[in-house]
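Colleague: I would like to go through this model with you. Could you begin with the term that we shall need for the charged pairs?

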Amino acid sequence: MTDHPRILLHHNAPDPLTARLERAFPKATHASCTTYDDLPEAVSTFKPDVVYTVRFTSGQSYPRDALFGPGGPRWIANGGAGTDHLGHWDSTQVTVTNAAGVAAHMMAEYVMGGFLHFTLDIPGLQTDKSNRHWNASRLVRPLQGRTLLIVGLGHTGRALAARAKAFGMRVIGTRSRPRDMENVDVVESPDALKRLAREADFIAVCTPLTERTRGLISADLISAMKSGAIFADVSRGGVTDQTALHDALKSKRLAGAVLDVFETEPLPETSPLWVLDNTL
């Protein structure tokens, strides 16, 4: 790779990235590609040393062959944490990096904010404010002493555990290779997930999407969750059975859900999740 590499930005909105790239590496040669369909031609004609890429639509097959085929880049910089859309690659021919952990603290705050949204009944408080009425019977629920199950104790899971501990929560979690971890009271393998789900007042899914985790949060597991539990998913679309989750929320068996990922992204306007009042 040269001192002034050729960099291809594969993104549906590349202008802010282009501006930052020009400030940081003014001598680099760069180009942009804003669709999946055009990526093969862009790689073939521009011949990049580096491709910065994100998966910006889930309704279309990702054009991975354009990146790993003959004449592809030596370095693929994946802008997200998940690399499931890239499949398998020969690490002797190409270096693939990802952004694992970059947004971990923000995602942990998003989950905690969502939990507080429901336990403090923020919608109810806003309704009272709009009505200029103090509802003396409105109850809020504490996080202290409640049990949080974290599915996947990677960067985001560990950041979430630290914040949950600051609220005085009991934290249990799963990881593929269980070991003692800071801020986590109990760590077990995914084989114990159903049993742990029965204990949890809150569940947060933070695991990457792999062959082992696809469909991990199944209808059977959702049915095992404690009635009134609050669920959060900041993993990847495909880990959670979205239909089963919707049904549990609609019936109010689950009290609420804080969602960042879906089977199809962006979430279609026709999705029934949009109309549920207990979903963020």
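Modeller: A salt bridge here is a side-chain nitrogen of Lys or Arg within 4 Å of a carboxyl oxygen of Asp or Glu. Please keep in mind that this is a predicted model.

Colleague: Then how far apart are the closest N and O atoms of Glu-188 and Arg-195?

Modeller: They are 2.5 Å apart, and Glu-188 therefore forms a salt bridge with Arg-195, as the limit is 4 Å. Arg-195 is partly exposed, at a relative accessible area of 41%.

Colleague: How many salt bridges does the structure hold?

Modeller: It holds twelve. Side chains of opposite charge can pair when their charged atoms come close. One of the pairs joins Arg-170 to Glu-199, with 3.3 Å from N to O.

Colleague: Which residues are linked in a network of salt bridges?

Modeller: The network links Arg-55, Asp-84 and Arg-236.

Colleague: Let us turn to the sheet. What is the strand order?

Modeller: The order is S2-S1-S3-S4-S5, in an open sheet of five strands with parallel pairing. Strand S2 (29–33) and strand S5 (95–97) stand at the edges; each has a single partner strand, so one side of each has no neighbour in the sheet. On average, neighbouring strands of this sheet are turned by 15° against each other, direction ignored.

Colleague: Over how many bridges do S4 and S5 pair?

Modeller: Strand S4 (residues 75–78) pairs with S5 over three bridges, in the parallel sense. Trp-75 stands opposite Thr-95 in S5.

Colleague: Which strands does helix H2 lie across?

Modeller: Helix H2 (residues 39–46) lies across strand S1 (6–10) and S2. The helix runs at about 170° to S1.

Colleague: Now helix H9. Which of its residues are buried?

Modeller: In H9 (residues 242–250), the buried residues are Gln-242, Ala-244, Leu-245, His-246, Ala-248 and Leu-249. Their cover includes helix H8 (219–224), strand S10 (230–233) and strand S11 (256–259).

Colleague: What is found at the start of H9, and what follows the helix?

Modeller: At the start of H9, a side-chain oxygen of Asp-241 comes within 3.2 Å of the backbone nitrogen of Thr-243. Lys-252 follows the helix and has a positive phi, near 70°.

Colleague: How far apart are Ala-166 and Leu-259 in space?

Modeller: From C-alpha to C-alpha they are 23 Å apart, and in sequence Ala-166 and Leu-259 are 93 residues apart.

Key. Residues numbered from 1 in each chain as written. Predicted model: local features only at pLDDT ≥ 70, side-chain atom pairs only at ≥ 80, totals over all residues. Heavy atoms only, no water. Pairing = 2+ DSSP bridges. Helix = DSSP H or I, 4+ residues; strand = E, 2+ residues; numbered from the N terminus. Axes fitted to C-alpha atoms, helices over the stretch in contact; angles between N-to-C directions. Contact = heavy atoms within 4.5 Å. Buried < 20%, exposed > 50% of the residue type's maximum accessible area, 1.4 Å probe, protein only. Polar contact = N/O pair within 3.5 Å; in protein donor to acceptor, adjacent residues only side chain to side chain.
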